[in-house]
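These are my notebook entries on one structure. I looked up the ligand site, the aromatic pairs and the backbone.

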Amino acid sequence: MQIKDTHLHQGLRKRLIEKLKAKGIDFPEVIAAIAKVPRHVFFDEAFREMAYDDIAFQIGAGQTISHPSTVAFQTQLLELKKGEKVLEIGTGSGYQTCILMEMGVKVFTIERQKSLYDKTKLFLPEMGYSPRFFYGDGFAGLPAFAPFDKVIITCGAPFVPQELLKQLKTGGIMVIPVGEGEKQTMWRLVKIAENQYDKDEFGQFSFVPMLEKKAKDK
Ligand code: SAH
């Protein structure tokens with residue numbers, strides 16, 4: 001597939017960045033990543049003009065690409081440093097994955113919907129992004145690749161999965177929207193010692209749910 005990025009799209013991304021700055025996104029590296037990654041290519045042709053509004057959008061299999069402000073906010077909370085190992089739960093469209101990769105980190109990303117996993121695993125490398133893709137259950141994480149410097153969950157978690165906490169390095173950060181139902185609260189957990197965490201809350205967000213059982217291949 002050919003990925004076209006035009007001056008028009010670049011201009012729309014600049015406008016989006018102004019909106020994000022107004023919402024408190026101010027890390028230069030995060031702004032640069034949002035400016036670089038084309039978001040319209042994740043949308044079907046008919047909806048591309050909406051790609052630079054600050055909205056979530058259907059990406060198939062009942063899932064959504066998160067609001068750009070949410071992607072930027074979660075990325076900012078992770079305080080990423082180049083070369084870090086990051087575990088992402090909920091690959092979805094892969095947009096958040098690309099933003100993480102633009103921050104210079106190594107990304108291990110898990111998706112439980114086979115159709116999305118298949119699609120994104122092909123699409124991202126075409127765009128020049130090659131994280132490690134895994135089809136599986138985010139609740140279990142990736143013990144074989146642990147520990148991780150950072151963990152980001154991009155679906156609404158009913159609780160903080162113990163396995164993921166175990167796979168976080170001491171000194172590491174987990175950013176996770178916690179809550180059942182429509183709204184979740186964004187938590188940032190810093191692992192200060194084995195079984196000891198500092199917790200901060202960062203307002204209400206709305207994610208698709210983090211689900212436990214693998215869906216059938218759709
Ligand atoms: N970061 C994505 C957001 C996608 S929405 C993006 O930028 O597009 C959240 C994704 O989490 C969905 O694709 C959903 O299928 C996935 N998901 C939900 N529960 C999961 C689980 N237990 N393990 C892995 N992925 C999960």
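I took helices (H or I, at least four residues) and strands (E, at least two) as DSSP runs, numbered from the N terminus. The model is predicted, so I required pLDDT of at least 70 for local features and 80 or more for side-chain atom pairs, while totals for chains, interfaces and linings use all residues. Residues are numbered from 1 along each chain as its sequence is written, and side-chain values use heavy atoms, with hydrogens and water left out.

**Backbone**

I looked up Glu 79 and found this residue in the loop between H3 and S3. Its phi is near 50°, a positive value in a residue other than glycine. I then found a cis peptide bond between Ala 146 and Pro 147, with omega about 0°. Pro 147 belongs to the loop between strand S5 (132-135) and strand S6 (148-153). For reference, I noted that most residues other than glycine have a negative phi, and most peptide bonds are trans.

**Ligand site**

The ligand is surrounded by 28 residues, and the closest are Thr 64, Ser 93, Glu 111, Gly 138 and Leu 211. I sorted the shell into eleven nonpolar, 13 polar and four charged residues, with Ala, Val, Leu, Ile, Met, Phe, Trp, Tyr, Cys and Pro as nonpolar, Asp, Glu, Lys and Arg as charged, and the others, Gly among them, as polar.

For polar contacts I took pairs of N or O atoms within 3.5 Å. A side-chain N or O atom of Ser 93 is 2.6 Å from an oxygen atom of the ligand. For Glu 111, I also noted 2.6 Å between a side-chain N or O atom and a ligand oxygen atom. A ligand nitrogen atom lies 3.4 Å from a backbone N or O atom of Arg 112.

**Aromatic pairs**

I paired rings of Phe, Tyr and Trp (its six-membered ring) if their centres lie within 6.5 Å, calling planes under 30 degrees apart stacked, over 60 edge-to-face and the rest tilted. The count comes to twelve aromatic pairs. Phe 73 and Phe 205 are stacked, because their ring centres are 5.6 Å apart and their planes are at 20°. Phe 73 lies in helix H3 (residues 68-77) and Phe 205 in strand S9 (residues 196-205), so this pair ties together parts 132 residues apart in sequence.

Terms used. Near = heavy atom within 4 Å. Polar contact = N/O pair within 3.5 Å; in protein donor to acceptor, adjacent residues only side chain to side chain.
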